[in-house]
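Hi everyone, thanks for making time.

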Amino acid sequence: MFNFFRLVHNENIKIYARVRTWIMLGVLGLVGLLMPVLFGYVSEDIGVWSAMNTLLQFWFLPTVFTIAVAADTVAGEFSRGTIKLLLIRPWSRIKILLSKYIAVALFMLALYALLVGLGLGMSVLLFGHSSGTTDILGQLSGSLSDYFWWSLLYRLVDCLIYVTMAFMFSSVFRSNSLSVALTIILLFMGGLITLLVNPAKYELGRYLLFANMDLSQYISDETGSYGVSSLGFSLSVLAAYYVSFLILTFWVFRKRDVAA
Amino acid sequence: MEIISDKMPVPGSKSKMTGDPVVRFDNVVKRIGRKTIIEGLTLDVPPGQVFGFLGPNGSGKTTTIRMMTGLMAPSSGDIVIDGRSITRDFEQAISQVGAIVENPEMYSYLSGYRNLKQYARMRSDVTKERIDEVVQFTGLDRRIHDKVSTYSLGMRQRLGVAQAILHRPKLLILDEPTNGLDPQGIRELRDYLRELTRKEGTTVFVSSHLLSEMELMCDTVAIIQAGKLIDVRELHGEADIHATLETIFDVGERIEEALALLGGGEIRSGQLVVRTNREGIAEINNLFVQAGIAVYGIRALTRTLEDQFLEMTGGGGIV
Ligand SMILES: Nc1ncnc2c1ncn2[C@@H]1O[C@H](COP(=O)(O)OP(=O)(O)OP(=O)(O)O)[C@@H](O)[C@H]1O
Ligand SMILES: [Mg+2]
């Protein structure tokens, strides 16, 4: 098992040795540092947690960045031809792919940690003294800090699903750009698809991946955005999709003839 | 008098083989789509040799090497390396193997050294000293900490060799390793491969279409064409010398008459060529002289492997 972590270490090196990665980290760092300052200008009386809840609107940034890295981690090895020298080591393909998946998941956590860490630090610095009950979006009730942590968790769940999807496309199509494009299209089209196959009207809609994402829909209403579902139901549907994505990813990668 | 009329020399005998084969191809077939790329390859690679795998472009050398390294699965048949099946016992079988498959592409955004570290980390038996040793050997020591993106073709090839020998594999598989190397590099590689087989008992399986190259470094050569094994022969072996002794008899104008008298041999570009042995040459000469045909010269026709290869593969058309 110790040796397996050396595989993950290898994958980490491949991620962090790229200039691209540091640009992503730089952009996220700036957003984390500067957004609270901006919130301070826009709103008179803002608290730490309402600032954080607003900052979470930028969740798509770390998500899209991780999607890009996930798509590259498999497809990039094929397009560069490095996959050949990687696979002729005494490791099964399953373990090599698993090490990649773990490295990508760790990268996702690192990006969120950077955004939330810097954002929280700045917010405490700027708004730590204020009474901080005003919600600048004016639509939330209950404890704002609880709301933030739950939303963050749910965003991480969504992000993991999208990243796993990108990872799957990358393994199946071996094309970096196609994987990124497909995943991001789905990320932005998801809402539209659920609008067309409205779960409130059609039974089928309830089983769509996108109708069950953004679990924060259950914070305000136990039956979700469409009033026909529950947290448990959505979690089961998400788990089913997640496991199917992973099975397909690993199965294709294990079987594939490498002719890169 | 013995005139060997068979145009093709006898395939090298396997008598010299000592020990179990390091690689055993057992009726390996590879089909991609409707195309059969390798058709029933059965071949044993003896240990401790430089074994050449020769074939024209598109004959299936790289495909064979991809199957040997587990990158592609055979459609049927099996490849056994050091007693372990590459399809059923991959991790065990591949741990004995170091390889270059086509171009050795590496992570261009990492330095040569960090690339080697990547592969070293995937094994438990590669020390830091070993990495330095391999870097020294491949002559990359001055550039090893530069990014691979700044390397020339030959330097990348050298780095490819470095990663292949890093863990002292029992079987070294090299797909056209001299591609891009300068004469100095080719020479060093050739000497090194010989040394490896002698000192460490490594078996080297090297593919090439550079025939002159193969003649210089291989003990045995297998020749494939259009996915079929057409010949296996030992080089520098006695069988080779005797079987391929072709002799030109210069008989001036009376060449047709001489040919008729001989009842064998052939006329090749205006010259009478006979395949025979030492005694045969003397006897034929005697025969001609007795028949009143003046013999102006007798000359051994030394055909390089290249000539034979071109002859066998019909000029090397891509199939
Ligand atoms: N992925 C593939 N799909 C279809 N055909 C393929 C594929 N890979 C190789 N081939 C075909 O298989 C044959 C053998 O190819 P291979 O690369 O093994 O030849 P080679 O002997 O290595 O040639 P070269 O000397 O040019 O490197 C060729 O006819 C090639 O077109
Ligand atoms: Mg080839």
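Let's begin where the two chains meet. Chain A and chain B bury about 2,900 Å² between them, and 56% of that is on carbon and sulfur atoms. Three residues to look for here are Leu85(A), Ile88(A) and Arg89(A): together they supply 23% of the area that chain A buries against chain B, more than any other three residues. Just so you know, this is a predicted model.

How many residues of each chain are in contact with the other? On chain A there are 29, and they're in contact with 30 residues of chain B.

Now for the polar side of things. Between chain A and chain B we count 17 residue pairs in polar contact, with both residues at pLDDT 80 or more. And which parts of chain A supply the side that touches chain B? Four helices each give at least two residues: α1 (2–16), α4 (60–80), α5 (83–87) and α6 (93–127). Out of chain A, α1(A) gives the most to that side, with six residues. If you sort the side of chain A that touches chain B by class, you get 13 nonpolar, five polar and 11 charged residues.

Speaking of charge, there are three salt bridges between chain A and chain B. One of them to find on screen joins the side chains of Lys95(A) and Glu91(B), at 3.7 Å from N to O.

Okay, over to chain B itself. Chain B is divided into domain 1, residues 23–234, and domain 2, residues 239–305. Taken over C-alpha atoms, the centres of those two domains of chain B are 43 Å apart.

Last stop, the ligand. Where does ligand 1 sit? You'll find ligand 1 between chains A and B. It has 15 residues around it, and the closest are Gly58(B), Gly60(B), Lys61(B), Thr62(B) and Thr63(B).

Some side chains also put polar atoms by the ligand's oxygens. For Asn57(B), a side-chain N or O atom is 3.0 Å from an oxygen atom of ligand 1. Glu176(B) has a polar side-chain atom 3.3 Å from a ligand 1 oxygen, and for His209(B) the corresponding distance is 3.5 Å.

Note on methods. Residues numbered from 1 in each chain as written. Chains lettered and ligands numbered in written order. Predicted model: local features only at pLDDT ≥ 70, side-chain atom pairs only at ≥ 80, totals over all residues. Heavy atoms only, no water. Contact = heavy atoms within 4.5 Å. Buried area = accessible area lost by both parts, 1.4 Å probe. Salt bridge = Lys/Arg side-chain N within 4 Å of Asp/Glu carboxyl O. Polar contact = N/O pair within 3.5 Å; in protein donor to acceptor, adjacent residues only side chain to side chain. Nonpolar A, V, L, I, M, F, W, Y, C, P; charged D, E, K, R; others polar. Domains from an automatic or database assignment. Near = heavy atom within 4 Å.
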